[in-house]
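Please take a look at the model below before reading on.

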Amino acid sequence: MTPEDSSADRSETIDPRKQLRKTLRLPSTSFPMRANLAQNEAASIKRWQKRSLYEAICEARGEREPFVFHDGPPFANGDIHIGHLLNKVLKDIVVRAKNMCGQACRYVPGWDCHGLPIEQRVLQDLIDKGKYDKIAALDDDARRMAIRRACAQYAAKFQKTQRVDMERLLTLADYDNPYLTMDPAYEAAVLEVFASLVEGGLVHRRLKPVHWSIASETAVAEAELEYVDRTDPSIWVDFEATDRSAVGAAFGVELDETASFMIWTTTPWTLPANLAIAVGESLTYVLLRCNGAMSIVAEGRLESLLKTIGASAHEVLGTCSGAALVGLTYAHPFCDRVSPVLAGDHVTLEDGTGLVHTAPGHGTEDYMLGLEAGLEIYCPVRPDGTYDETAPNWLQGCDVWAANERVVEQLRSSGHLVHHVEYEHAYPFDGRTKTPVIFRATEQWFVDVDATWDGKSMRQRGLEAIDGDITFVPDWGRNRMRGMVETRPDWCLSRQRAWGLPIPAFLTATGEILLTAATTRAVADAFRAHGSDAWFTQTPEQLLATWDCAADPDVGDVDVSTLSRMYDIFDVWMESGSSWHAVMRQRGLGYPADLYLEGSDQHRGWFQLSMLPALGVTGQPPFKTVLTHGFMVDRDGRKMSKSGGNALSVQDLLKDVGADVCRWWVSSLAFENDIRVDQELIHLAGESYRKVRNTLRFLLGNIGEAAGSAAPPPASSLDAWVLAEAANLRQTVLEAWSSFEFRRAHLAIFDFCNDTLSARYCVAMKDRLYCDGDSPRRIRAQATMRTIAELLCTLLAPILPHTADEAWRCMHGEDACVHLETVSVLPEIEVDARWVAAMDLREAALKALEDAKGRGIEKSLDAGLVLPDGEDSLSPLAEDLRDLLEVSRLTLKGDSIEVQDLREAPLCERSRRRDETVSVRANGLHLSDRDWQEVQSIEA
């Protein structure tokens, strides 16, 4: 048998239909359909760490235009939670987007390492392990140092834990050189800021009421408060006037019995500290006989009051202005004390009786009025919330909450209680211990926000900055922050705990306080060299080694050897609020920052308490733009928390869906307001992610070795149309990044992948990609797809850093990295304007094909279409339009759309089309001219 005979026999036994698949050019790529993110992202992190990606990007951007972005420090306390995920991913999108746009955006992550949350956790751990009693028995300095060492270890541990998790979120940062508020250099920089505030005359020590946490026995910052609904006693109390004739004269009547000033309060426990009653001078007051007693109340509150106390009948005996009451006196209902009636600008008719119980040691407005009137700032409540020996005997040692009931019963038994109900209201709680706080007067250090220099106060400068050059995203943040600055009290800087940065104040032998700008800078030198533990381990002589007493204009001769240290520590907001200096200026990163980005609670926290000291020191705010996001809540709108049992574990999410899916979800959010989240919503984001991934996979599977076309595609081609759409996408995404509209960028990318590519362009290209040989249109499609794939990778890189890099490496090799690139620049493309009409016509044609299913034409390739063609003929677009509609034949004529039934026409067994050229070929198969030619060329 000859070789020719053998070949002929084999050809007879091979079914040519089975060989057709081998003649197709089907997609092929190493980019897998299954992302397997949990494992593959870990490999990406290792690869990026090995090549020092953050440093490589910084080097690549070199001296390009900087974008200065500053990180607000989270507490180094526990594992990261879903709120961290939102915050850190949003920040990372900013960092990566700015670098991808060619700017130099460096990002130094920070951690707040001091503070009550850490100290409380450490103390609880010590108690649980049976170690606290031993520590409590030490002398004060040794005890403080033992607690501080344990806190430092705890903070260091969780800083490392959180760093790992943040890197697992694929965030890009200078993790090898973070800023920690417990680092000596940072602590010294905070003292430098404080010294400048002292130098400007903005820091004072005063006896003043502050929010006080009984559970923690320390002052609490405004930003640390949470308002919780709470039920308290609401009482109306008569305080008997001491001069019957003076009251009668004020009202123009003669009195034969004693009248009382009726007050209202929801804090009966503060009544032992009552030193005055405030009235509004311009308000009208009435002398009222009701329920067998004679009381004085505001006329504007009379109707509501009578209804509240259930008065059966009443008689108004006279009226007078509030000014006529000023100077009258009254007797305290259970303390041996006579006090005055004072005029108060804060008295309104919104609630109560128009007469305000005033305890200068327990309220801000009370305190201000007390100062003005020369009253004692009296507070009979100890740090633990119990009454001291100056209170009535029956209250001494009692805690304030139990005292509410005792005070009410005392007033009831003495006949001074007019009315009592239980009252539900929003009450401030310590956000750390979840316990109610009180207002309590203590000696504390304050920044005076109303002290002026160069004619303006810190408050005025803050309001001007808010209304001036600062941009707020969203814009409503401006009003929110303005309102908080307008109404904020002086900033209480001091706390009474062990774990924090000591306020560098000394006591002289005569009991005077020594704290000047120069002494503070000297202590800063000591802290820079030895850390803030030096305050507890070194002598005043060592701490003040660089202080030149003789050159300090704020003190006389001081014998340093006689000094003793004070032990207040700084509010942690002073520490984090100085990061603009300790990080941005000290490291030469730029000042002011272009952006601060945190949760919306930071309008009264980090944003405000960074702005105020920065204004005091530099005269300008530390940021140009403030961006805020909402908080994570569950489907029912409840705040997510571990204690509430509704929190999602970030670690579980990363194992379950991967970081890229979590990031894709974050980018989809309208983050300005609170965000509802649960597992199902994140899994929906996973479905959306897979559509984008599969689009990328289709592009990568079809581009082959095409390296992009030097020549632009014809204007009439679908390639030109899709490149123009890609250019629009690029512009939209860049604009969205610039305005921090991440959801807009997300939707634009998804719609482009899901509709422009998957539903239109990719559908239209399948036939030529799979069935053509090296035809110009196939090569052009491959080049177009490569251009789009590269663009998509660079646009997706800030959101999906692993997936984008994975796809980029499939195109450019294992050593390539998309994050070292910038957003792809597309060539100038001329596109035929008739594609607008063609796309509109597509919608109508698809509807007609859908309707044709009712006639049995289930597959669009079993149909031909006749489309109307106006004066501006669509004929140059006809071939691509046919493929776009996935029909076998397309005719442009007539005035309406017609679907032709081609089910009886010959079917090409390779392309599955029924075009006019299909016929039986020499191999016995039905093939079109194009497909027969390709089969022959391959067989040859």
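Helix 22 is largely enclosed by the rest of the structure, because 11 of its 13 residues are buried (buried means under 20% relative accessible area, exposed over 50%, and partly exposed in between, with a 1.4 Å probe and protein chains only). This is a predicted model, in which local features need pLDDT of at least 70 and side-chain atom pairs count only at pLDDT 80 or more, while totals for chains, interfaces and linings use all residues. Residues are numbered from 1 along each chain as its sequence is written, and side-chain values use heavy atoms, with hydrogens and water left out.

**Helix 22**
- The buried residues of helix 22 are Trp606, Phe607, Gln608, Leu609, Ser610, Met611, Leu612, Pro613, Ala614, Leu615 and Gly616.
- Helix 22 covers residues 606-618, and its end C-alpha atoms are 17 Å apart, which agrees with the 18 Å that its 13 residues should span at 1.5 Å a residue (the expected span is 1.5 Å times one less than the number of residues).

**Helix 26**
- With 21 residues (718-738), helix 26 reaches 30 Å from its first C-alpha to its last, close to the expected 30 Å.
- Buried residues of helix 26 include Leu718, Trp721, Leu729, Val733 and Trp737.
- These buried residues pack against helix 5 (82-100), helix 27 (742-771), helix 28 (776-796), helix 30 (834-852) and helix 31 (878-885).
- Just after helix 26 comes Phe740, with a positive phi of about 60°.

**The protein as a whole**
- The protein contains 32 helices and 34 strands; helices (H or I, at least four residues) and strands (E, at least two) are DSSP runs, numbered from the N terminus.
- Its radius of gyration is 38 Å, whereas a compact globule of 940 residues would be near 30 Å (the radius is taken over C-alpha atoms, and the globule rule is 2.2 Å times the number of residues to the power 0.38).
- Along the principal axes, the C-alpha trace spans about 135 × 75 × 55 Å.
- Of the 940 residues, 56% count as buried.
- Among contacts with a separation of 6 or more, 77% come from residues 24 or more positions apart; a contact means heavy atoms within 4.5 Å.
- The accessible surface comes to about 39400 Å², and carbon and sulfur atoms hold 47% of that (areas come from the Shrake-Rupley method with a 1.4 Å probe, and for residues only the protein chains shown count as cover).

**Backbone features to look at**
- Most residues other than glycine have a negative phi, and most peptide bonds are trans.
- The peptide bond from Val473 to Pro474 is cis, with omega near 0°, and Pro474 sits in the loop between strand 19 (471-473) and helix 16 (476-487).
- A cis peptide bond also leads from Tyr591 to Pro592, with omega near 0°; Pro592 is in the loop between helix 21 (579-585) and strand 26 (593-599).
- Asn36 has a positive phi near 50° and lies in the loop between helix 2 (16-19) and helix 3 (37-50).
- Arg912, which is not a glycine, has a positive phi of about 65°, and its loop runs between strand 32 (898-901) and strand 33 (919-920).

- Arg149 belongs to helix 8 (residues 140-168) and is partly exposed, with a relative accessible area of 47%.
- Arg149 and Asp533 are 384 residues apart in sequence, yet 9.0 Å apart in space, C-alpha to C-alpha.
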